[in-house]
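Work through these exercises with the structure open beside you. Try each task before you read its solution.

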Amino acid sequence: MTTLVIAEHDNQQLKPATLNAVAAAQKIGGDIHILVVGGGAQDVAAQAAKVAGVASVLLADAEHLKDFLAENVAEQVLAVAGDYSHIVFPATASGKNVAPRVAAKLDVAQISDITAVDSPDTFERPIYAGNAVAIVQSSDEKKVITVRVTAFDGVAAEGGSAEVKTLQAVADSGLSSFVGREVAKNDRPELTAATVVVSGGRGMGSAENFKLLEPLADKLGAALGASRAAVDAGFAPNDWQVGQTGKIVAPQLYVAIGISGAIQHLAGMKDSKVIVAINKDPEAPIFGVADYGLVADLFTAVPELEKAI
Amino acid sequence: MKVLVPVKRVVDYNVKVRVKSDQSGVDIANVKMSMNPFDEIAVEEATRLKEAGTATEVIAVSCGVAQCQETLRTAMAIGADRAALVQTDVELQPLAVAKLLKAVAEKEQVNLVILGKQAIDDDSNQTGQMLAALLGWPQATFASKVVIEGEHAKVTREVDGGLETISVKLPAIITTDLRLNEPRYVTLPNIMKAKKKQLDTLTPEELGVDVTPRIKTLKVSEPPSRKAGIKVADVAGLVDKLKNEAKVI
């Protein structure tokens, strides 16, 4: 039994989500290999080789793999899939994009977004926006899995010494091409990896008012998040969205400001260690999950909080 | 260009589901059912392509129980020209649905399939990608903008940390993200019109697809609930708790 973990990276850095996926693979048992698919990603492979508990690293490196187009990455995974009992992706935008393509080609059912490993063929996963947890058993010989990264503590990034094997890159499918990327550049930590998240909801009132959260986030070293309602209203960009249809976060401290606490938002943050809610409506459902609730007008409470920390 | 739009009947997004006492699943008897919200966005997008003259026909398809006809009528009220139901009482999993949709896409000779990125019941986020793989077509998932340019679709995608734009060669699969569009309100005249539109019924057997589930649900339970904490009186009280009790700042 050997598990192949597909690395999450940007051709320069191995992303922490990979370490969470390796942790899930350890729970499955057996040897663990990491596959790095990219372009000019030799450094990533070297970093992957140092990950604790990894027996081998496979690197497929080519120009047409550098933008992670699903058609090409899936083919690359399929080229080595025969050697593995489990193929594990972190449930990131990239993992979610590629994994089902691999599963369908192998004619196996994918198990999405697992939060626990009960045995090599039995897994736990949230359904209905986390309002229920299903224990599911796969009858397929090979398992294709995506891992909810917040549910598994990442393994150590250092300590291993796997050898890196270079694979022959698959041919370019020619079906798709990369046009461009708009990545928000800022100094804040990544939302899904941040230890503190400050999120705003519809109560913020406008995109302009969202700026009010920045000094507080700066002081706390926090990532900024938003509820779906705030995103829908155009107050915040969609990649800030926390919830069932956005990102799943589980920081040490989650500060929900002007967020009422719709089911779909709670699905994305209720595993946070400490939750703080600031809302002027004392009946807001967010207070039902908050460790510390403050019923107050956010426009006075937020600046006051920022000064007091 | 013919566009196929698969739609799923799911528990309405406003309903908080309850786990059955025997832990065999969630209780969906007598619960309001609606079209999966991401699929509504897909129908809207296809309808806009038709209104712009890019698409010639929009066909809605659903897989599941007889009541999915209601979901298909809604799709036709938004703007789909006709609909097909692949009817079965078997529990359908994404791989089986993708196989059924492949058969329908081939039968209807479509050039584009637009689907929701995930259904809000099983939260799998698989069907579109699986369908693309089975058809050997390119995929543009989590779309926030779609532009058809001749033989290609230029699609802006919501990815971690921002947006990326790719170009896929048609025929292709697109899955919708939230910001692609805002679906229109369905008007009464359009609901009436939708009742007269063509709705065909097929079966998995007719399409030659084995839909046997591969994944068995052993148990469904309530998630560990988080108990409500305390209310603090003011900002000073909050800071005190965070520093001295929770020790997170």
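**Exercise 1.** In which loop of chain B does B:Asp121 lie? Then decide whether B:Asp121 is buried or exposed.

*Solution.* This is a predicted model, in which local features need pLDDT of at least 70, side-chain atom pairs count only at pLDDT 80 or more, and totals for chains, interfaces and linings use all residues. Residues are numbered from 1 along each chain as its sequence is written, while chains are lettered from A and ligands numbered from 1 in the order in which they are written.

Step 1: find the loop. B:Asp121 sits between strand E8 (112–116) and H4 of chain B. Helices (H or I, at least four residues) and strands (E, at least two) are DSSP runs, numbered from the N terminus.

Step 2: apply the burial rule. A residue is buried if 20 or more other C-beta atoms lie within 10 Å of its own, exposed if 12 or fewer, and partly exposed in between; C-beta atoms are placed from the backbone. B:Asp121 counts as buried because it has 20 C-beta neighbours inside 10 Å.

Step 3: list its contacts. Two residues are in contact if their C-beta atoms, placed from the backbone, lie within 7 Å. Leaving aside neighbours within four places in sequence, B:Asp121 is in contact with A:Ile127, A:Tyr128, B:Val10 and B:Val11.

Step 4: check a C-alpha distance. B:Asp121 and B:Arg9 are 112 residues apart in sequence, but 9.4 Å apart in space, C-alpha to C-alpha.

**Exercise 2.** Describe chain B as a whole, then its helix H2.

*Solution.* Step 1: count the elements. Chain B has seven helices and 15 strands.

Step 2: take the overall figures. The C-alpha trace of chain B spans about 65 × 45 × 40 Å along its principal axes. Of its 249 residues, 50% are buried. Among contacts in chain B with a separation of 6 or more, 69% join residues 24 or more positions apart.

Step 3: turn to H2(B), residues 68–78. This helix is mostly covered, with eight of its 11 residues buried. Among them are B:Cys68, B:Leu72, B:Ala75 and B:Ile78.

**Exercise 3.** Which elements of chain B give two or more residues to the side that touches chain A?

*Solution.* Step 1: count the residues. On the chain B side 63 residues are in contact with 71 residues of chain A.

Step 2: name the elements. The helices are H3 (94–108), H4 (127–135) and H7 (235–245) of chain B. The strands are E9 (139–149), E10 (152–159), E11 (162–169), E14 (215–221) and E15 (230–232) of chain B. E11(B) gives the most, with eight residues.

Step 3: sort by class. The chain B side has 31 nonpolar, 15 polar and 17 charged residues. Here Ala, Val, Leu, Ile, Met, Phe, Trp, Tyr, Cys and Pro count as nonpolar, Asp, Glu, Lys and Arg as charged, and the others, Gly among them, as polar.

**Exercise 4.** What is the strand order in the open sheet of four strands?

*Solution.* Step 1: read the order. It is E6(A)-E7(A)-E8(A)-E14(B), with antiparallel pairing. Two strands pair if DSSP finds at least two bridges between them.

Step 2: find the edges. Strand E6 (116–119) of chain A and E14 of chain B each pair on one side only.

Step 3: follow the link between chains. Strand E8 (132–138) of chain A and E14(B) pair in the antiparallel sense over six bridges. A:Ser138 stands opposite B:Ile215, and A:Val133 has B:Ser221 as its bridge partner.

**Exercise 5.** Which strands stand at the edges of the open sheet of 10 strands?

*Solution.* Step 1: write the order. The sheet runs E11(A)-E11(B)-E10(B)-E9(B)-E12(B)-E8(B)-E1(B)-E6(B)-E7(B)-E13(B), with mixed pairing.

Step 2: take the ends. Strand E11 (176–183) of chain A and strand E13 (199–202) of chain B each have a single partner strand, so one side of each is left without a neighbour in the sheet.

Step 3: inspect one pair. Two bridges join strand E1 (residues 2–6) of chain B to E8(B), and these strands run parallel. B:Leu4 stands opposite B:Val113.

**Exercise 6.** How many residues of strand E14 of chain A are buried?

*Solution.* Step 1: count. In E14(A), residues 253–257, five of the five residues are buried.

Step 2: find the partners. Five bridges join E14(A) to strand E12 (residues 196–200) of chain A, in parallel. A:Val198 stands opposite A:Val255. Five bridges also join E14(A) to strand E15 (residues 274–279) of chain A, again in parallel.
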